[in-house]
Amino acid sequence: MDNEGLCPWAATDHNVDNTTAILREWLKNVQHLYHDVEWRPMEEPRSYPEEIGPKHWPSSRFTHVMKLRQAALRAAREKWSDYILFVDADNLLTNPQTLNLLIAENKTLVAPMLESRSLYSNFWCGITPQASDLVKGGYYKRTLEYPLIREWKRMGCFAVPMIHSTFLIDLRKEASTKLMFYPPHQDYTWSFDDIMVFAFSSRQAGIQMFICNREHYGFLPMPLKPHQSLQEEAENFVHTLIEAMIDRPPVEPSQYISVPPKHPDKMGFDEIFMINLKRRKDRRDRMLRTLYEQEIAVKIVEAVDGKALNTSQLKALSIEMLPGYQDPYSSRPLTRGEIGCFLSHYYIWKEVVNRGLEKTLVIEDDVRFEHQFKRKLMKLMDDIEQAQLDWELIYIGRKRMQVQEPEKAVPNVRNLVEADYSYWTLGYAISFHGAQKLIGAEPFGKMLPVDEFLPVMYNKHPVTKYMEYYESRDLKAFSAEPLLVYPTHYTGQPGYLSDTETSTIWDNETVSTDWDRTHSWKSRQQGQIHSDAQNKDALPSQSSLNAPASRDEL
């Protein structure tokens, strides 16, 4: 669609940040591209009288937003516009064809399904009925259909009782003349909320709402609680940006606004290493952009490529497989990919010791970050320091393998447990003494995968005969709880590729291994841990989690 036929209508008010300046700069620079621009800034007041913070929605805020939407709708009708597209300022439309695709659906009221880090989206499949004068209706209702649509198990354009945040109204349809955002319909008795008022209006006008998931259209952040801050909103938005990058190109800022530079740091660590295979530029680029968005500075370590290792190189390093080792799922021996992975971590441990680094973070290049990763990890490390905990290894990402009983919570340090048998080396903090111990074990002559070696070193591996080859097994190992990084993809998901499993046998480069396809359990997502085995003692008390939920949070 040609921009010349479009008329942006932008309103902003009640701001305590620089939203107005950003919008003004953008509109000034793009106005020549559009047929017309309407700009409604309001510098004062900067807050609502009843609000407890910038993310709180008192009734006066709902009223104001409804009036703004009604003003935009009225302006579109006065211009004899064919369509009006409403987009909340924090929604990210990454599909440039979104508007054309919605128009092609030929619906009076239709929304593109937007993605978030959870099941949350911009539609509901159920609304609670009005139970009584005291128990109001109009709230989110769980349904079986919702996750099927949200997770693309059913694809198409579906009739739903609620869409919000981003949606298109076809003003050519006669029924659309009855739609109103404000004032609420005279028969309206649900809770006073802009999206509920509009859903009721569309119902009274006999207009069906539709949600489309035929394509990937974009993303929206999770709603915040009333007491949360603008800093938390910024972190929330950054997390939306980095989640969008996992399977798609980065969401670039407009060329028509100036973007202040970020200032990455090492989060209090002496060094942060990011392991990456030279041939995996896709992963490297995504991770560097993801880390930059979070203002985290890293040193890239070129991984040892197991596929490039030959027998003479293994002999030169005196590498031998630990006698009797076999993969617990496929019963295969060690692979060259696993040797490459081990060497990549080993050479980092050597650098830690050679440079005398007291506190180091190691991350692999195929991780996704927990919401507020930087804030949470820095808080955890500060708490550990305050408690003067003697630690040598701290997992921040892993697959917990001992799931029969809880792991032991660490006294005086919330969100930390003593690590039991675990898989994966997605991310971990290591101390100088921890690196010394791992190197001192002299693992080359009795090698097993690095994620099996670590549990041996902290004496938690279930196979006793493996541990017998390592005399000293007193590594002080812990784990963040909940975890702070996860794999970007698991076995069976689109985009999953393992450079350790898809390789060759360690001592015979003519025997290829591709156990991923049939024996994929090691790389599968952590299963549901029974409530009796969950690490509840390491978590905050339930009372501190009981803040009121957002209106439409799942």
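Cys157 is buried, at a relative accessible area of 16%, and Cys157 forms a disulfide with Cys212. The model described here is predicted. The protein contains 13 helices and 22 strands, and 50% of its 554 residues are buried.

- A disulfide is a covalent bond between the sulfur atoms of two cysteines.
- In the bond between Cys157 and Cys212, the sulfur atoms are 2.3 Å apart.
- The torsion about this S-S bond is about -70 degrees, so the disulfide of Cys157 and Cys212 is left-handed.
- Cys157 belongs to strand 7 (residues 157-160) and Cys212 to strand 10 (residues 209-212), so the pair ties together parts that lie 55 residues apart in sequence.
- Cys212 has a relative accessibility of 1% and therefore counts as buried, as does Cys157 at 16%.
- Cys125 takes part in no disulfide; the nearest cysteine sulfur is that of Cys157, 12 Å away.
- Cys125 is also buried, because its relative accessibility is 18% and the cut-off for buried is under 20%.

**Overall dimensions, contacts and charge**

- Along the principal axes, the C-alpha atoms fill a box of roughly 80 × 50 × 45 Å.
- Among contacts with a separation of 6 or more, 78% are between residues 24 or more positions apart.
- The accessible surface of the protein is about 26800 Å², and carbon and sulfur atoms account for 50% of that surface.
- There are 65 positive and 76 negative side chains, and the centres of these two sets are 2 Å apart.

**Thr425 and its surroundings**

- Thr425 lies in strand 18 (residues 422-431) and is buried, with a relative accessible area of 4%.
- The side chain of Thr425 makes a polar contact of 3.3 Å with the side chain of His345.
- Leaving aside residues up to four places away in sequence, Thr425 touches Cys341, His345, Glu364, Val450, Asp451 and Leu454.

**Phe62 and Val197**

- Phe62 is part of helix 2 (residues 59-78) and is buried, at 9% relative accessible area.
- Phe62 and Val197 are separated by 135 residues in sequence, and their C-alpha atoms are 9.8 Å apart in space.

**Backbone features**

- Most residues other than glycine have a negative phi, and most peptide bonds are trans.
- The peptide bond from Glu44 to Pro45 is cis, with omega near -5 degrees; Pro45 sits in the loop between strand 2 (38-42) and helix 2.
- Tyr182 and Pro183 are likewise joined by a cis peptide bond, with omega about -5 degrees; Pro183 is placed in the loop between strand 9 (166-170) and helix 5 (194-204).
- Met267, a residue other than glycine, has a positive phi near 60 degrees. Met267 occupies the loop between helix 6 (230-244) and strand 12 (271-276), and its relative accessibility of 5% means that Met267 counts as buried.
- Glu295 also has a positive phi, of about 60 degrees, although Glu295 is not a glycine. Glu295 is found in the loop between helix 7 (281-293) and strand 13 (299-302), and at 26% relative accessibility Glu295 counts as partly exposed.

Key: Residues numbered from 1 in each chain as written. Predicted model: local features only at pLDDT ≥ 70, side-chain atom pairs only at ≥ 80, totals over all residues. Heavy atoms only, no water. Helix = DSSP H or I, 4+ residues; strand = E, 2+ residues; numbered from the N terminus. Buried < 20%, exposed > 50% of the residue type's maximum accessible area, 1.4 Å probe, protein only. Contact = heavy atoms within 4.5 Å. Areas by Shrake-Rupley, 256 points an atom, 1.4 Å probe, with all protein chains shown as cover. Lys, Arg positive; Asp, Glu negative; His and termini not counted. Charge placed at Lys NZ, Arg CZ, Asp CG, Glu CD. Disulfide = S-S within 2.5 Å. Polar contact = N/O pair within 3.5 Å; in protein donor to acceptor, adjacent residues only side chain to side chain.
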